[in-house]
Structures are given as C-alpha cells and as structure tokens.
Amino acid sequence: MALRTLVAWSALGLLLWRCALALQGGMLYPQESPSRERKELDGLWSFRADFSGNRRRGFEEQWYRRPLRESGPTLDMPVPSSFNDIGQDWHLWDFVGWVWYEREVILPERWTQDLRTRVVLRIGSAHSYAIVWVNGVDMLEHEGGYLPFEADISNLVQVGPLPSRLRITIAINNTLTPTTLPPGTIQYMNDTSKYPKGYFVQNIYFDFFNYAGLQRSVLLYTTPTTYIDDITVTTSVEQDSGLVNYQISVKGSNLFELEVRLLDAENKVVANGTGTQGQLKVPGASLWWPYLMHERPAYLYSLEVRLTAQTSLGPVSDFYSLPVGIRTMAVTESQFLINGKPFYFHGVNKHEDADIRGKGFDWPLLVKDFNLLRWLGANAFRTSHYPYAEEVLQMCDRHGIVVIDECPGVGLALPQFFNNVSLHHHMRVMEEVVRRDKNHPAVVMWSVANEPASHLESAGYYLKMVIAHTKALDPSRPVTFVTKSSYSADKAAPYVDVICLNSYYSWYHDFGHLELIQRQLTTQFENWYKTYQKPIIQSEYGAEAIAGFHQDPPLMFTEEYQKSLLEQYHVVLDQKRRKYVVGELIWNFADFMTEQSPLRVLGNKKGIFTRQRQPKSAAFLLRERYWKIANETRYPHSVAKSQCLENSAFT
Ligand code: GCB
C-alpha cells in the first residue's frame, strides 16, 4: 500500500525551517503564567455604526481622536457578540460598512511602570477589516475575520504618570469585496424608479449570515520584554516511544537560555531538553486518540518552556506551557490513519452562530455543543466555513474531537475571484491559520476552501498554489478543499490528499425522490475513486427539517424526510466505508442563520439540532449510527457506552 502522506519526523528540520520562513512572529494563545498576566476586555463597549452615505464620516470627523460618545449617539454593545442581532433597528441587522467600537481601561501599575514588561493588545477576531487606535494613535490594521491579531502597545502605555488610562477604538468594516475571504460584491441599484439614489446591496456567494463585529474576546496581556514568541511542536512514534519535536522562537534578546520539560497528565516530568530546538523522547508514551477510538482518548502532555535572559534592565524570565498530544497521521490510497489505525470520521459540520449573540463566542454554548457531540457519538467536525475560536480547538484537544480546520475560503463562486490579489491574500490567511492552530493535536487536516468553482482552469491553478503553500507551511498534515464539482470537471482534485465531496441528492436535485439516492451516491463514489484512488469523505449531505413538521409518507421539510434521506445515504456509506470512504459529516449540526431568501425559512434548517440545540428526529438516528460505528472501530476492541445520559438506549 503506497503511503501518500506520512508523518516522517526525521524531516523535522525541514518542516521547522519552512514554518519559520513563512510565518513571521508567533500567535501563542495568551495565558497566565508566573511571567504573564491577562486582562480581558469583554463586556460592554460603546458602539456606533456609520450610516453616512459613503460610510466614511467616522474617518472624516476622526472619531478615534476623542471619546466616541462625543461624536454622536452610541449604543451599548456586548463583546464578544455580532452586532447584527443586538439592536431593534433593521438597518443595523443588515448594515454594510464601518462600525466603531470603543472601550476605556485602566492598567495595573506594574504594567506601566516596569519597563521589563511588554503589554500586548490582542483582538480574537474582527470581521472583516479592522483598524485599531489606542488613545487616538493608529496602532494596527488587519484584513480578514475569524483570526486573531495583536499589537505591542508598551511604548504607548509606559510613558507617564499614573493612572494609565487607555481608550481603545476599533473600526471594523464588514464589506466583502472580490479580494476578501469570503469574497463578495457591492451592487449599486441605479434604477431610480425603483431605488433611492446611492442604494446598494452586498451580494454574497455563501449560505450563512455575514455576522460581524468583535465576535471573540479582546484582551490585554503581558510578557517580559524578552519573551517566548512562538513554539512549534510536531510528534511521531517510534516503536513504543513518543517523539516530541519542538522549535522555540524567542524575541527581544539573543542572550537567553531555554529549559524545556515535558510533563505527563499527572504532572510528572517525562523528558527534558534545552535550547531553541530539539527532540524529546517519551518511552511508553500515552498517545492522543480520538474520542471513542480508544479506551484512553485525548491524552495530553504539557510542554513547559522556561526562558531566562539578560537585558539592559536586568534579568527577565518567561514561562509558557503548551498542551501536547502525541499522535501520528498518514493517508493511504484508501485510508486515513491515526496512530497507524484506520480512522473513520463520523461527525458533523458546524457553524459558530446561535440566537442573539450571532457568532459571538460563548462558553455555555461551547460546552453545550460539546455535550451534544459526545451524546451523538460524533468524533469529528469540520470548521465550516472559517476558523473557529481557539477555545473550541482547546476543547477538541481535551475531548478527542478531530477537526478538519477550514479557512474562510468559501463563496469563491465567480471567475473574477481567482485573481492574483486574492491568491496572495488566501495564502496569507492560510499562514495565519497554520500559525494559530498548528499545535493542536485535534487538527488533522487543513481545508483551504469550500465549494470553489473548481471546474474553472483559473481555479485549478489558484487552488494548486494555495494547497502547495499550505503543505509547505505544514508538511505534517494532509490538505484538502471541499468540492461540489463533478469528478470529470474538477481541476484541483489532483492536488488534495483526501477528496471531500458535498452532495445533496433528493434535496437540490430530484427533490422528493428519495429512491434515487442510493444509485446516485454509489455512482458519485465510484467515479471519484476510479479517477483518483484517494480516500473520500462525504463532507456534506443533509436535508432541511423544520422542527415539529411531520408527515407520513415523508415530504420535504418534515423531520421524517430528513431522517429518511439520511437513511438512504447511510446504506451506501456502509457499503463504501469498508473500502475507501473514510468519513461522513452531516450538514449540519444545528440550524443556522442565513441571509433572507425565498429558499430559507429564518435561516438554514438542515440542522439535526435546532438553533436552540434541541434534537430533531434525525439526531436520534445519527446517534444510534455513530455509536454503532464507534463500537465497530474501537482499539483495542471493546464496547463503549454513552456516558452522557441515563435513560438512554446506549447506557
Ligand atoms: C453547501 C454549502 C453550505 C450550505 C449547504 C446548503 O453545499 O457548503 O454552506 O449551507 O450546501 O444547505 O445548501
């Protein structure tokens, strides 16, 4: 069996060199440690949408120069949240253009007086273009939602007498253009018999509401002035030893020492090292296994890095602790292997939105969703169609939920979107995704796009370049994009490691005809496999069901139809999963909001859970199926029981 992708960690040096080459500066998750503090700026911010005709009044009047309330009326805006659903004004729900956020904060004295302290402002995400001012000084710009960015603001805060009061102003523009990710277009409606002068609409080419704002936490954190800037960890297994390869980048001084320790889950030191790079060997290592694949899933070690350095102001030390899962991955012609064993993705696609917070990060929602995933017996999800909050990936690491990490390359539907500016930006976005998420054991594959127009020659070249770039950034993980093109038309499938297929038989085609699914799905799989001999994931399939709608015999939009459609898919998936189909991800975990359209009833209702996270009939069907598959594929073989519920058929 020819190994197509293999995690060959003798190539460590090459990988680490390439990572360092492409990604300048780290993006370690801010954590508290003996040398680091963090101050969250979540809560109420002042907010103002710029409704002026050209949306530029805020810049013309320089709203960042003085408190926002002095520029005109402001609203209270919770952070994190999307601004769209918070107010009662329809114009805000649908707003396109610049919105302004502002918040004041007083810093602790030690942050402003100790010149060996570095103060960083970090924005978890701002969708989609952001400009940040601190006390009216332009600090930072960032393009692209869904990923963090930060600025060292030490020079600004360590200047004068106490107290150090900061005014942080963030202007965010949610306009999508042909070169943003996702792309979009603005259409001016010039027929004055129908539209007022200057009337425009934002056209998007994807199926979720373009929620925007400060949707993840904003925070300040400190490090010493000489600090651990980045850590890159890769792992492999040699006989029964785990190998942990690390590379550390330090900024601020060349005069430093690094001590590295690997601790097991009981806090026992199992290996040590020194210096900026090395390999730690763990005899008898406990491996990181996906949920339900092994009796002991999701085992995490901690890589503790201690830095001591000399600076002109005296000695400093820094400390960072990174969770590490030891696991391997490989892709063959027909299998996806984790720790040398065939892994079958039985999971979901998600979105980050729910009720009035839009896509705003929310702990209760996160924990509820993980409880539901575990209830369902799901072992994987795809971050459709953008990178999720870092806290989500941390949960995946801890619970063994495997992730296909997708960038916001969604809606690449028009030929003009495959241009050089977009390509450059897309590569840059992949650098940011890999830089942020590379150390998560749960992340097993990168997805560079969802349903691009991959039948176009220009898309073939474009995707080839993005995939090659992603592989150069991280040769340890397979790379894919998700296609809806046909096997004979797709120009980019030759470049992926795993074929990911979306299909909606008896929903968007031959709707109502459930009896055609088995034939059409079988043909789909066989054609693709014959052409490419690569493992295949059914990355989307599903049907809409409005919770509470029932009909027998089943009709579209009822819970029965959704369930019956899934059952038909499952017949074929069961035949092919023993051959070359390596996964199935239902569309979708939960109902989600979309733009308004005659095809959508208050959003997309293909969830197996409602937007309020209550199960439809299909959830019980999938639950039965996923637990059954889990029990067939567990190593060493033993039957797993749902730990989530009493009163359950599975306990
Ligand atoms: C798709 C898209 C997804 C849509 C889904 C649907 O193929 O990838 O974003 O929401 O179909 O329900 O139409």
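This is a predicted model: local features need pLDDT of at least 70, side-chain atom pairs count only at pLDDT 80 or more; totals for chains, interfaces and linings use all residues.
**A walk through the cores and helix contacts**

Residues are numbered from 1 along each chain as its sequence is written, and side-chain values use heavy atoms, with hydrogens and water left out.

I231 belongs to the largest nonpolar core, which has 143 residues, and I231 is listed with L303, F336, F345 and F381 as having the most contacts inside that core. A nonpolar core here is a set of buried Ala, Val, Leu, Ile, Met, Phe, Trp, Tyr and Cys residues joined through side-chain atoms within 4.5 Å, and buried means under 20% relative accessible area, with exposed over 50% and partly exposed in between, using a 1.4 Å probe and protein chains only. Helix 12, residues 617-632, gives the most to this core, with 8 residues; helices (H or I, at least four residues) and strands (E, at least two) are DSSP runs numbered from the N terminus. Apart from this core lies another, of 34 residues, among them M77, L92, I123 and L166.

Staying with helix 12, how does helix 6 pack against it, at what angle and with what distance between the axes? The two pack at about 60°, with their axes 8 Å apart, the axes being lines fitted to C-alpha atoms, for helices over the stretch in contact, and the angles running from 0 to 180 degrees between N-to-C directions. That makes helix 6 oblique to helix 12, since angles under 35 degrees count as roughly parallel, over 145 as roughly antiparallel, 65 to 115 as roughly perpendicular and the rest as oblique. From helix 6 the contact is made by R374, W375 and L376, and from helix 12 by A619, F620, L622, R623, Y626 and W627.

A second pair is helix 10, residues 517-532, and helix 11, residues 559-576, whose axes come within 9 Å and cross at roughly 40°, and these helices are therefore oblique to each other. On the helix 10 side the contacting residues are I517, Q518, L521, T522, F525 and E526, and on the helix 11 side they are L565, Q568, Y569, V571, V572, L573, Q575 and K576.

Helix 7, residues 390-399, is mostly covered, with 8 of its 10 residues buried, and those buried residues are E390, E391, V392, L393, M395, C396, D397 and H399. They pack against elements including helix 6, helix 8 and strand 27, and just after helix 7, G400 takes a positive phi of about 75°.

I will close with two single residues. G607 is found in the loop between strand 31 and helix 12, and at 0% relative accessibility it counts as buried; leaving aside neighbours within four places in sequence, G607 is in contact with Q562, N588, F589, A590, D591 and K616. T222, in strand 13, counts as buried at 3% relative accessibility, and, with the neighbours within four places likewise left aside, T222 is in contact with S35, R36, E37, W111, T117, R118 and V119.

Technical notes: Contact means heavy atoms within 4.5 Å.
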